[in-house]
Amino acid sequence: MIIRQCSWRARQFQQLWRPFNFRNLHGQREALEDKRWPGWEVVVGIEVHAQIKSRRKLFSDTRTSRPGETPNAFVSSYDAALPGTLPTLNPKCVELAVRTALALNSQIQSRSAFDRKHYFYSDLPAGYQITQRYAPLAQGGYLRLPQGGVNVRITQIQLEQDTAKSTLDARRRVTQVDLNRAGSGLMEIVSEPDMRSPEEAGDYVRTLQAMLRSVGASDGSMELGSLRCDVNVSVNKLGYPHGTRCEIKNLNSVKFMTVAITSEVFRHIQLLESGQTVPQETRGFDEAKAETFKLRSKEDSPDYRYMPDPNLPPLLLSPEYIDCIRKSMPELPEATRRRLTRMGLTEQEAEVLMAVDAGREVGFDGEPGKGAVAYFDRLAQGRNARTAVNWMTHELLGQLAARKETFSDNPVSLGQLGELIDMVQSSKITGTSGKTLLRHIISHRSTASPLTLAQELSLVAISDDDGVLVKKWCSEAIEALPEEVDKVRQGNLKVMNRLVGKVMQLSGGRANAGDVRSVLGELLQ
Ligand SMILES: Nc1ncnc2c1ncn2[C@@H]1O[C@H](COP(=O)(O)OP(=O)(O)OP(=O)(O)O)[C@@H](O)[C@H]1O
Ligand SMILES: [Mg+2]
Ligand SMILES: [Mg+2]
């Protein structure tokens, strides 16, 4: 009885401490030595700006645009900051930010508020950006990294406006401004300085990307600019307090981010080892040189003159509203992984489906996008999950990859692949014919039913109840390949595959490989 009580208490204690299980009593992570910089500890904190995947902008009902669309085509008078225009908050943006906060175990504030952050730059028509620096939408929380099981704590999640895009034309000495992006919704997700290596920072961003996509909040693409990271880096001697941070801006891939952190770490160590101090700076990253460069020092940093926005009332969220969103939350990556393996998929197969899913574009305003996991779920309904995953990963994804196409180009409807699998399972067509049929559907972008196509392409399995046809093809194969026959008779059973292949060729892929093997076996005895 006592033992049971103890283990119950231990479990409770463990659960209570789970978010902080890699920390000491001061809430800090235990320092680990890294061979690349012995004696030093690296500290990274990341500010992520994720574009909210909403149809409309944050405070106007103008459509959001993609990079590459006609410049200045999606701009309302509010987005251009014409005098007299007023903001109206888009509830879809709030909903997607709340989903994100729930997924990050963050406390959603029943009252949050909007501030103006002032600075003058060509990409900011109003001269200020509306943000939530002082009373953010959500505070606290953590993201669990699958590799190593580290929890990165979240400081806060705030809603804010995106800026316009300015491009410098050096030859003509002009700056061109495209207001399409101005006023689109962003979430700033600020992490605590909890990461301890460039690789861990990379894991954090990748895990966050997958989470944002799974809840439908953002496309989360660094390459396309829908996810932008400001990375804060500092170093300190092991066991000492954190050093001075430098913030690196404008990194457009996870790979460059890890390279930038590594080079920044060595720069800090070099400064400190030569007896200098690290000045707090904002820095850029030169991809060609793989090193960071100074943009501005802390002293030059602008005074943003924050003030509450007088045109926007506080944002009040009721517990009922938050509960309603909690109940309609899409499945998070960790839960998907668990569910798929419980369905009988190997971890590797689950990873393949989820990696394909992670690369997808999400739907607008939280609508489900065209995901590989959702496709698989419906394909597996009423069918064997293993059969479904084999067809989906090896055949469908395999054939698409061979054509250098991705799952978002997939022309095979769920109905078509389902029917095709059922035809193979009920031996209406052979597995080989099924693959041929799939290749035909993909290459011709055919929308016809697989049964009709199988008839047109003469792929329907032969009705050979007494096995006369199979026997005939087997005898022909034996006659055509005497050398192989000798080898099989001498006990080299691997060569049997060549005979089976020959029969398949003679039958146009319509013979059943199992039947062929047994008939060949009988004839060669
Ligand atoms: N010593 C440190 N080393 C590395 N990162 C740090 C350190 N101290 C703080 N950070 C990180 O720096 C970031 C600070 O972001 P925050 O948005 O609060 O402020 P900011 O960068 O001053 O403002 P802005 O949003 O205008 O860029 C956080 O992600 C935090 O974890
Ligand atoms: Mg910030
Ligand atoms: Mg910052």
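How do the residues of the shell around ligand 1 divide into nonpolar, polar and charged? There are 6 nonpolar, 5 polar and 5 charged residues in that shell; here Ala, Val, Leu, Ile, Met, Phe, Trp, Tyr, Cys and Pro count as nonpolar, Asp, Glu, Lys and Arg as charged, and the others, Gly among them, as polar. Keep in mind that this is a predicted model, in which local features need pLDDT of at least 70 and side-chain atom pairs count only at pLDDT 80 or more, while totals for chains, interfaces and linings use all residues. Residues are numbered from 1 along each chain as its sequence is written, and chains are lettered from A and ligands numbered from 1 in the order in which they are written.

Let us stay with the ligand. Of the 16 residues around ligand 1, those that come nearest are Gly45, Pro193, Asn232, Ser234 and His242; a residue is near if its C-beta atom, placed from the backbone, lies within 6 Å. Strand β1 (40–51) gives the most to this shell, 5 residues. Strands are DSSP runs of E with at least two residues, and helices are runs of H or I with at least four, numbered from the N terminus.

Now turn to the strands elsewhere. Strand β4 (residues 115–118) pairs with β5 (residues 128–131) in the antiparallel sense over 4 bridges, where pairing takes at least two DSSP bridges between two strands. Lys117 has Gln129 in β5 as its bridge partner. β4 also pairs with β16 (residues 307–308), in the antiparallel sense over 2 bridges, and there Arg116 stands opposite Met307.
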